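Please examine the sequence and the three-dimensional model shown here.

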Amino acid sequence: MGRPEGRANADFDAKRDALAMRLLGALRDGEAGASMRELAAACEVTPPTLRHYFGDRDGALRAALAMARRLGSEHLLRVASADLGAARPALGAALDDLLSGWLEHGVGRLHELGLQIGLGHATLGPAYVSELLEPTLQAFEARLALHVARGELHVADLRQAALALLGPIVLALLHQRELGGQRCRPLDLRRLAAAQLADFLQLHAAPPASG
């Protein structure tokens, strides 16, 4: 007697998730340009096995990016909604989390891979945006919305404000780490983040209540 369909689907999903995790590890340890055969070898499976679960190389890479998002979801939830105090310390803590994750916990490597496989690609570019870049921006949008609702910040467009806050910091991170800028023109990233936050708060601080 065969297994019920629900159990078969659960087994498929579990095996797919395990393979996606191995794919993500293979990408982190190797090159973004790895072929389907090279990815399969790194995961210790055959190319037909990868095709069974992901369809093709693009599908396998999209699954790895999706797994990266799942692994980072708890940290982004903290940025978005944890009780971190008033706007200044809360945004400072959120930016510190971004810097620590990027510099010390492999997040920068994930963005490097996303850019390598996504630039100019019709499907992998949007996958990188939706799985890695946008979740970070949206977490900061939610954080800003929280402080706007409390009357601490005045922000007309949350998305534009999040981009304005994070854009220079992400560019500096790529410049220093993934592009090797620390060897030719080093920059104190934490000092930059503090200055960027100070400028942002000066621009968006809510006016004091009258009366």
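**Helix packing and salt bridges in a predicted model**

Helices α5 and α8 cross in a right-handed sense. On the side of α5, the contact is made by Leu91, Leu95, Leu98, Leu99, Trp102 and Leu103. The residues that α8 contributes are Leu165, Leu166, Ile169, Val170, Leu173, Leu174, Arg177 and Glu178. The model under discussion is a predicted one. Two packed helices are described by the angle between their axes and the distance between the axes. For α5 and α8, the axes come within 11 Å and cross at roughly 25°. Angles under 35 degrees count as roughly parallel, and α5 and α8 are therefore roughly parallel to each other.

Helix α5 also packs against α10. Here the axes come within 10 Å and the crossing angle is roughly 150°. Because angles over 145 degrees count as roughly antiparallel, α5 is roughly antiparallel to α10. The crossing of α5 and α10 is right-handed. In this contact, α5 supplies Ala87, Arg88, Leu91, Gly92, Leu95, Asp96, Leu99, Ser100, Leu103 and Glu104. These meet Leu189, Arg190, Ala193, Leu197, Ala198, Phe200 and Leu201 of α10.

These helices belong to a protein with ten helices and zero strands. Read along the sequence, the pattern is α-α-α-α-α-α-α-α-α-α. The C-alpha trace spans about 75 × 50 × 30 Å along its principal axes. The protein has 211 residues, of which 38% count as buried. Among contacts with a separation of 6 or more, 69% are accounted for by residues 24 or more positions apart.

Attention now turns to the charged side chains. The structure holds eight salt bridges. One of them joins the side chains of aspartate 96 and arginine 190, with an N to O distance of 2.5 Å. This pair links distant parts of the chain, since aspartate 96 lies in helix α5 (residues 87–104) and arginine 190 in helix α10 (residues 189–204), 94 residues apart. How accessible are the two partners? Aspartate 96 has a relative accessible area of 35% and is therefore partly exposed. Arginine 190, with a relative accessible area of 33%, is also partly exposed.

A second salt bridge connects arginine 109 with glutamate 112, whose closest N and O atoms are 3.3 Å apart. Both residues lie in helix α6 (residues 107–118), three residues apart, which corresponds to about one turn of the helix. Arginine 109 is partly exposed, as its relative accessible area is 21%.

A further salt bridge is formed by the side chains of glutamate 134 and arginine 159, at 3.2 Å from N to O. This pair, too, links distant parts of the chain: glutamate 134 is in helix α7 (residues 124–149) and arginine 159 in helix α8 (residues 158–178), 25 residues apart. Glutamate 134 counts as buried because its relative accessibility is 14%, under the 20% limit. Arginine 159 is partly exposed, with a relative accessible area of 48%.

Helix α8 also holds glutamine 176. Is glutamine 176 buried or exposed? With a relative accessibility of 3%, glutamine 176 counts as buried. Leaving aside residues up to four places away in sequence, glutamine 176 touches Gly181, Gln182, Arg185, Pro186, Leu187 and Leu189. Of these, Leu189 is also listed among the α10 residues that meet α5.

Histidine 52, found in helix α3 (residues 47–54), has 53% relative accessibility and so counts as exposed.

The cysteines remain to be considered. A disulfide is a covalent bond between the sulfur atoms of two cysteines. How many disulfides does the model contain? The count comes to zero, for a rule that requires cysteine sulfur atoms within 2.5 Å. Cysteine 43 counts as buried, its relative accessibility being 0%. Cysteine 184, by contrast, is exposed, with a relative accessible area of 66%.

Conventions: Residues numbered from 1 in each chain as written. Predicted model: local features only at pLDDT ≥ 70, side-chain atom pairs only at ≥ 80, totals over all residues. Heavy atoms only, no water. Salt bridge = Lys/Arg side-chain N within 4 Å of Asp/Glu carboxyl O. Helix = DSSP H or I, 4+ residues; strand = E, 2+ residues; numbered from the N terminus. Buried < 20%, exposed > 50% of the residue type's maximum accessible area, 1.4 Å probe, protein only. Axes fitted to C-alpha atoms, helices over the stretch in contact; angles between N-to-C directions. Parallel < 35°, antiparallel > 145°, perpendicular 65-115°, else oblique. Left-handed = near helix turned anticlockwise from the far one by under 90°. Contact = heavy atoms within 4.5 Å.
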